[in-house]
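Reader: I want to learn how to read charge pairs and helix faces in a model. Where do we start?

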Amino acid sequence: MDADRPPIRTFGRLRSRAIKPRQAALMTTLLPGIAMPEGQFDPRALWPEASEVWLEIGFGGGEHLAGQAERRPDVFLLGAEPFLNGVASALRHIETHGLTNVRLHAGDAREVMARLPAASLDRIFVLFPDPWPKSRHNKRRLVQEPFIEEAARLLRPGGVLRFATDWADYADKALEMFQASPHFIWLAQSANDWREPPADHITTRYEEKQLGDCRPIWLELRRS
Ligand SMILES: C[S@@+](CC[C@H](N)C(=O)[O-])C[C@H]1O[C@@H](n2cnc3c(N)ncnc32)[C@H](O)[C@@H]1O
């Protein structure tokens with residue numbers, strides 16, 4: 001990211017209610033050991049035996065991140081989330097399940113993306129990003145052309161980005177941008193492919209709240 005002009009903020013609050021004591025303790029005991037390294041880093045060098053490297057952007061309470069990490073111990077999972085209560089909740093899941101294949105960044109995912117080498121990721125998850133539904137706030141949405149370019153840089157050819165939202169306008173605009181990109185191919189073959197969650201999906205907390213204006217829409221985009 002350009003240090004002179006920080007990018008527009010795509011997230012809301014950084015904390016809400018007081019973090020529970022057990023989770024607060026994990027912020028000082030567990031987080032430092034599983035935090036992503038400072039500066040440029042290659043996730044494959046951090047864990048050479050990983051079969052794949054996945055990045056979840058805005059993992060919220062970490063249910064999906066931890067669930068995938070538990071299901072796929074062969075995969076190295078990176079997660080970024082600036083909402084501290086979410087990070088604390090994810091740490092609890094990571095500790096409870098004894099997960100060692102996860103690294104976290106308690107901050108903006110775009111900072112991490114800028115530090116990763118090209119073609120270093122096999123999958124990217126953007127699940128129910130902040131919808132910013134008012135048109136004057138649309139510019140705060142994460143999925144914009146520069147984000148799509150950066151995701152294309154990071155995914156290896158054949159790598160897949162999964163985007164989900166329950167806001168129809170966000171789904172429409174995101175799909176339009178992905179289809180305008182020469183780097184992505186929308187994998188849908190039939191309506192069910194965007195109406196039904198993919199087989200390996202793990203339900204997220206935000207998804208359960210059904211706060212949007214439509215049923216969830218699922219887009220699977222393959223890096224060409
Ligand atoms: C609506 S919540 C959904 C959380 C989770 N994915 C779920 O489905 O339960 C969107 C999350 O994205 C996070 N977020 C927004 N912008 C982000 C960014 N630039 N980098 C990382 N996380 C971001 C927010 O802090 C928030 O927790």
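Author: Start with a cut-off. Buried means under 20% relative accessible area, exposed means over 50%, and partly exposed lies in between. Keep in mind that this is a predicted model.

Reader: Is Asp74 buried, partly exposed or exposed?

Author: Asp74 has a relative accessible area of 30%, so Asp74 is partly exposed. Arg72 also counts as partly exposed, at 29% relative accessibility.

Reader: What does Arg72 form with Asp74?

Author: The general idea comes first. Side chains of opposite charge can pair when their charged atoms come close. Here, Arg72 and Asp74 form a salt bridge, and their closest N and O atoms are 2.8 Å apart.

Reader: How many salt bridges does the rule count?

Author: The count comes to 12. The rule asks for a side-chain nitrogen of Lys or Arg within 4 Å of a carboxyl oxygen of Asp or Glu.

Reader: Which parts does the pair of Asp200 and Arg123 tie together?

Author: Take the contact itself. Asp200 forms a salt bridge with Arg123, with the closest N and O atoms 3.0 Å apart. Asp200 sits in the loop between α9 (191-195) and α10, and Arg123 in strand β4 (residues 121-127), so the pair ties together parts 77 residues apart in sequence. Asp200 is partly exposed at 23%, whereas Arg123 is buried at 13%.

Reader: How far apart are the closest N and O atoms of Asp200 and Arg162?

Author: They are 2.7 Å apart, in another salt bridge. This pair links distant parts of the chain too: Asp200 is in the loop between α9 and α10, Arg162 is in strand β5 (residues 155-165), and 38 residues separate them. Arg162 is buried, at 2% relative accessibility.

Reader: Which residues do the shared partners join into one network?

Author: Arg123, Arg162, Asp200 and Glu220.

Reader: Now the charges on the surface. Which residues gather in a patch of positive charge?

Author: Arg13, Arg17, Lys20 and Lys209 do.

Note on methods
Residues are numbered from 1 along each chain as its sequence is written. This is a predicted model: local features need pLDDT of at least 70, side-chain atom pairs count only at pLDDT 80 or more; totals for chains, interfaces and linings use all residues. Side-chain values use heavy atoms; hydrogens and water are left out. Patches are made of residues with over 30% relative accessible area and no salt bridge: like charges are joined within 9 Å, nonpolar side chains (Val, Leu, Ile, Met, Phe, Trp, Tyr) within 5 Å. Accessible areas come from the Shrake-Rupley method with a 1.4 Å probe; for residues, only the protein chains shown count as cover. Lys and Arg count as positive and Asp and Glu as negative; His and the chain ends are not counted. The place of a charge is taken as NZ of Lys, CZ of Arg, CG of Asp or CD of Glu. Buried means under 20% relative accessible area, exposed over 50%, partly exposed in between (1.4 Å probe, protein chains only). Helices (H or I, at least four residues) and strands (E, at least two) are DSSP runs, numbered from the N terminus.
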